[in-house]
Amino acid sequence: MQVAVLGAGSMGHGIAQVSAMAGHDVVLRDVEADFVADGIAGIEENLAEGVERDKVTESEMDATLDRISGTTELAEAVADADLVVEAVPEDMDLKQEVFADVEAAAPDDTIVASNTSSLSVTEMASALERPERAVGLHFFNPPHIMDLVEIVVAEQTSDETETRAIEYVRGIDKEDVVVRDSAGFATSRLGLALGLEAIRMVEQGVASPADIDAAMRKGYGYPMGPIELGDHVGLDVRLHIAEHLREELGERFKPPQALRRKVRAGNLGKKSGEGFYVWEDGEKVGMSGEWGADDE
């Protein structure tokens, strides 16, 4: 299969990596050559870490990289694609524009997929002349480690497109769940509800971020607590999704003031060096000054 991934950020290059590791030829596209180069460098770094940990062989790494090429030209990226996955920022107008551009340049039977975590795939599909080929493929971060892909079936998605999406996900050795298009789907809706409530508990002085996260990890078996996860995802992204779900589903998704304050201050989590935790070189080193040292 020929796969085109549009957007070379952490999600995009991760999707390109897992597709290439499964044997697909992949074109990774972004709007600037430096972004493409950074994305491919990220793939090389992930694979090198896999080799160090005996998860990937040297020959597998070389074969994976051989299957990946990069470009800044959208038409070039999608010209021969069987599947296009957009991983551009969470903006409906932008995603609809990308969908329309893909349809103009890709073969008639190309599946057009979005990696959106919460926006309506049905609305995106309305930008297409053949909306039956649209589907959501919601990967989780980082894609090369997380097993789940949420397949989002839009109102227009055909049975054939759904079947091909399922086959692709299983073919890259991921677990699939199929959901109908609804605000927040299943995973973002449930995950955000837990994350917002955890932040409210911090606001109310119930416990520190570290203790709340530890409770969910050690008591419920979560691999990462809900507040730390927010720092990983980006608190600005969390806020954006919360506002969207509040509009769609009601006041139970109203963002806590603590989340708004963090975003206004530019404390967005891991990517900015501080959110509810302090981060150095991508590693959590403590809680922010509001709560003092992380004593987990």
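This is a predicted model: local features need pLDDT of at least 70, side-chain atom pairs count only at pLDDT 80 or more; totals for chains, interfaces and linings use all residues.
User: What makes residues 92–105 a helix, and how does the reach of α5 compare with the expected one?

Analyst: A helix is a DSSP run of H or I with at least four residues, and a strand is a run of E with at least two, both numbered from the N terminus. Helix α5 has 14 residues. The expected span is 1.5 Å times one less than the number of residues; α5 reaches 20 Å from its first C-alpha to its last, close to the 20 Å expected.

User: Why is Lys95 called buried?

Analyst: Buried means under 20% relative accessible area, exposed over 50%, and partly exposed in between (1.4 Å probe, protein chains only). Lys95 has 1% relative accessibility, so Lys95 counts as buried. Lys95 lies in helix α5 and touches, among others, Glu86, Glu90, Ser114 and Met124, not counting residues up to four places away in sequence; contact means heavy atoms within 4.5 Å.

User: How do you know that the buried residues of α5 are on the same side?

Analyst: The buried residues are Met92, Lys95, Gln96, Val98, Phe99, Val102 and Glu103. They cover an arc of only 160° around the axis, which puts them on the same side of α5; the arc is that of the directions from the helix axis to the C-beta atoms. On the other side, Asp93 and Ala104 are exposed.

User: Why is Asp30 called buried, and where does Asp30 lie?

Analyst: Asp30 is placed in the loop between β2 (25–29) and α2 (33–52). At 15% relative accessibility, Asp30 falls in the buried class.

User: Which UniProt positions include both Asp30 and Lys95, and why do the listed residues not all gather at one spot?

Analyst: An unreviewed UniProt entry lists both under "binding site", with others including Gly7, Glu90 and Lys271; such annotations may be inferred rather than shown by experiment, positions follow the numbering used here, and feature names are shortened. The listed residues span 265 residues in sequence, and the farthest two C-alpha atoms are 23.2 Å apart, so they do not all gather at one spot.

Note on methods:
Residues are numbered from 1 along each chain as its sequence is written. Side-chain values use heavy atoms; hydrogens and water are left out.
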